[in-house]
Amino acid sequence: MLDKDDCAEKTDEELVALTIENQDFFSCLIDRYSGKLTRYIMRISASTREDAEDLLQEVFVKAYRNINGFDQSLKFSSWIYRIAHNQVISQWRKLKSRPQVIKFEADEDFLKFIAADEDLALDTERKFEGEEVRELLEELDEKYREALVLKFIEGKDYKEISDILQKPLGTVATLINRAKKQMKKIIEEKGIEFQK
Amino acid sequence: MDNLGDKVLRKIKEECICPKPRWQFLLKDYFIWFLFLVSLILGSLAFCVALYVLSTNDWDLYQYLHTTLVGHILISIPYLWIIFLIIFVFIAYYNFKYTKSGYRHEAYFVVGLSVVGSLFLGAFLHTLGVGEKVEDFVAASVPVYEKIACCSARKDIWDQPANGLLGGTIMVVLDENNFELKDFSGKDWRVQEDDDTLEYEPLEIKEDEEVKIIGEKKQDFVFWAREIRPWKNKGEVRKAKVRINPDE
């Protein structure tokens, strides 16, 4: 049995190489990413924790099956997030429906990050309070929401978001800018009051 | 209670899930690049035939076809080959997007790359005479091609003696100024030349030579030739007439 300390000092990429030799090392990667990916899946798919974990199980099995195809020019995190993103999309296709509204009850972090975004605050000349942004997020288009989740919650840079969503850097920048504009429009339409 | 890592590993072991071998991923990558290159080459061939068709078209023909120069240009554009070029550019684009790093590039960059690649390669192939060979091959393999090919390459265009256009195959060279011609609908004509008749390189008046003639119908099955052009690859006006009569 693998000792968890065996993994602690190793990079993701080293663990990928070790997993190819010994599948037990894969559990280290799972431990590293299961929490983050569960939250990510819940954020973009409106799943319950149980559904997200079921989906995540499929994500890891798929990752293991394709581990030899891991592109060394990517970060492992981008690669595994990409698989999760694709799995969510494919789940939507299977169910032939996408959630129209996503609830963010458990996502205080997300609201905090968005509220702290200087560009958006500057655009609207206001400081956002986390609670006040909640209803805005629920109305954002899904394609914008995912870009915002990756940028503000997962802390990914544009290059990583590009690798995860498999879109050019320019498109990622556009998505994030449009997301901000859409939020601003919703603010204006709703006449939402924000604390200065 | 099992954590997720244990569940996943148990599933992997129970279902004997193995990583796909590396060669499968490499093969897929190479195959996509191969399709990209094939599309690029086919696009280049389409462009190179389009160039050939444009460069060998009889642009001065409009006056005999009761149309304007603009009208003639519009019907002389090799739409078929341009459509092929566009199709292959988009297939190349589609394949490029599916290469490992294809998503990193904007659509306009990839389409631009495919277009520029096809145009450069096509122009290069044109200088090697590939366009003519491809067109000949397609004309021989696809009978309908001659009906949809460009204006001056269409045989029906040269089957209008009343409008001064006659095309066909030289059957017999009678003398310096007369030969017999079988037109594309199988009728025999006597073609007359005089000192004013222009002949174009690399034409040789000899049996089995396909020619295009611009002139005037004098009477039934007698046609006076003002200009005689080779069926393909019209060059400069020939200064001295060439006659090859096997009977002499």
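Within chain A of this predicted model, nine residues of domain 1 are in contact with eleven residues of domain 2, two residues being in contact if their C-beta atoms, placed from the backbone, lie within 7 Å. Domain 1 of chain A spans 5-95 and domain 2 of chain A spans 108-190, with bounds that come from an automatic or database domain assignment. On the side of domain 1 of chain A that touches domain 2 of chain A, α3 (26-45) and α5 (76-95) each supply at least two residues, and the largest share, four residues, comes from α5(A); helices (H or I, at least four residues) and strands (E, at least two) are DSSP runs numbered from the N terminus. By class, this side of domain 1 of chain A has four nonpolar, two polar and three charged residues, where Ala, Val, Leu, Ile, Met, Phe, Trp, Tyr, Cys and Pro count as nonpolar, Asp, Glu, Lys and Arg as charged, and the others, Gly among them, as polar.

Residues are numbered from 1 along each chain as its sequence is written, and chains are lettered from A and ligands numbered from 1 in the order in which they are written. As the model is predicted, local features need pLDDT of at least 70 and side-chain atom pairs count only at pLDDT 80 or more, whereas totals for chains, interfaces and linings use all residues.

Between the chains, 24 residues of chain A are in contact with 18 residues of chain B. The side of chain A that touches chain B draws at least two residues from each of α3 and α4 (49-65) of chain A, and α4(A) provides the largest share, seven residues. By class, nine nonpolar, ten polar and five charged residues make up this side of chain A. In chain B, the domain assignment gives domain 1 (22-151) and domain 2 (155-230), and the C-alpha centres of these two domains of chain B lie 34 Å apart.

Helices α10 (residues 158-165) and α11 (residues 169-190) of chain A pack at an angle of about 100 degrees, with their axes 9 Å apart; axes are lines fitted to C-alpha atoms, for helices over the stretch in contact, and angles run from 0 to 180 degrees between N-to-C directions. The helix α10(A) is therefore roughly perpendicular to α11(A), a term that covers angles of 65 to 115 degrees. In this packing, Y158(A), K159(A), I161(A), S162(A) and L165(A) of α10(A) meet L169(A), V172(A) and A173(A) of α11(A).

Technical notes
Parallel < 35°, antiparallel > 145°, perpendicular 65-115°, else oblique.
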